[in-house]
Amino acid sequence: MTPKILVLPGSNRSGSFNAALAAAAAVELAQQGADVTRISLADYPLPIVDENLKNQSGIPDNAMKLGRLIAAQDGVFLCCPEYNSSIPPLLKNMIDWVSLIAKDGERAVKPWAGRYVALGSASNGKFAGIRCLSHVRPVMMNVGAQVVSEQCSVGGAASAFGEDGRIIDERTQAMLTRACTSLITHCVMMNSR
Ligand SMILES: Cc1cc2nc3c(=O)[nH]c(=O)nc-3n(C[C@H](O)[C@H](O)[C@H](O)COP(=O)(O)O)c2cc1C
């Protein structure tokens, strides 16, 4: 079985390090045999999550589009910037909107539920965004995702990626390889049950 995996960077910044990590993860996942879709949240603008808005006009179209895309995957690779040691609003807002989806038409749907998720972070700082991942992990578990243990944090991100898009430091690239292998393995195991 070929696992379907969505790769999603939590930054729309031009020259984003997490977009670079997402590109490296997409290459690695594809090399390991996954059917990869890589998106940018810039293509899915969303208002700040707001229950009044949800009650008045429902889930925004872009959140429904993301929810359908996520629900159609076996796994998701999230690349997370670190803002003040935690989750940036762009990423948290998307996670929250998608978590509010309960149905699509008449069909019950919880896009995050049961989805396998691997985490990556990239920062030019020395902590490599790892403090953000310790916050993203319980959030994703709270929305029902299965977060794999292996993760990849890229420090010194301004000079971490080569011209071929791969991570230059071998140990860090090996972290990415392991996180991708774990995500694929869990997706395949889930489908063989
Ligand atoms: C509000 C704000 C807070 C930040 N806090 C942190 C932080 O706690 N740790 C860190 O490593 N970088 C921090 N940064 C720097 C980001 O890691 C940096 O902007 C990074 O490039 C964001 O990811 P991106 O390149 O994918 O956009 C912060 C940036 C902003 C805008």
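Helices and cysteines in a predicted model

Reader: Which residues of α6 are buried?
Author: This is a predicted model. Buried here means under 20% relative accessible area. In α6 the residues that count as buried are Thr 172, Gln 173, Leu 176, Ala 179, Cys 180, Ser 182, Leu 183, Ile 184 and Cys 187.

Reader: What do the buried residues of α6 pack against?
Author: Packing is judged by contact, with heavy atoms within 4.5 Å. For the buried residues of α6, the partners are β1 (4-9), α1 (17-31), β3, β6 and β7.

Reader: What does helix α6 reach from its first C-alpha to its last?
Author: Helix α6 covers residues 170-191, which is 22 residues. At 1.5 Å a residue, 32 Å is expected. The model comes close to that, with a reach of 31 Å.

Reader: What does helix α5 reach from its first C-alpha to its last?
Author: Helix α5 runs over residues 130-142 and has 13 residues.

Reader: What covers the buried residues of α5?
Author: The buried residues of α5 are Cys 132, Leu 133, Val 136, Arg 137, Val 139 and Met 140. Their cover includes β3 (75-80), α4, β6 (116-122) and β7 (146-154).

Reader: Is α3 roughly parallel or roughly perpendicular to α4?
Author: Helix α3 (residues 61-71) packs with helix α4 (residues 89-99) at an angle of about 80°, and their axes are 9 Å apart. Angles of 65 to 115 degrees count as roughly perpendicular. The angle therefore makes α3, relative to α4, roughly perpendicular.

Reader: How many disulfides does the count come to?
Author: A disulfide needs two cysteine sulfur atoms within 2.5 Å. By this rule the count is zero disulfides.

Reader: Which cysteine has the sulfur nearest to that of Cys 79?
Author: Cys 79 is buried, at 0% relative accessibility, and is in no disulfide. The nearest cysteine sulfur is 7.0 Å away, and belongs to Cys 80.

Reader: Which cysteine holds the sulfur closest to that of Cys 80?
Author: Cys 80 is buried, with a relative accessible area of 0%. The closest cysteine sulfur is 4.9 Å away, too far for a bond, and lies in Cys 132.

Key. Residues numbered from 1 in each chain as written. Predicted model: local features only at pLDDT ≥ 70, side-chain atom pairs only at ≥ 80, totals over all residues. Heavy atoms only, no water. Axes fitted to C-alpha atoms, helices over the stretch in contact; angles between N-to-C directions. Helix = DSSP H or I, 4+ residues; strand = E, 2+ residues; numbered from the N terminus. Parallel < 35°, antiparallel > 145°, perpendicular 65-115°, else oblique. Buried < 20%, exposed > 50% of the residue type's maximum accessible area, 1.4 Å probe, protein only. Expected span 1.5 Å × (residues − 1).
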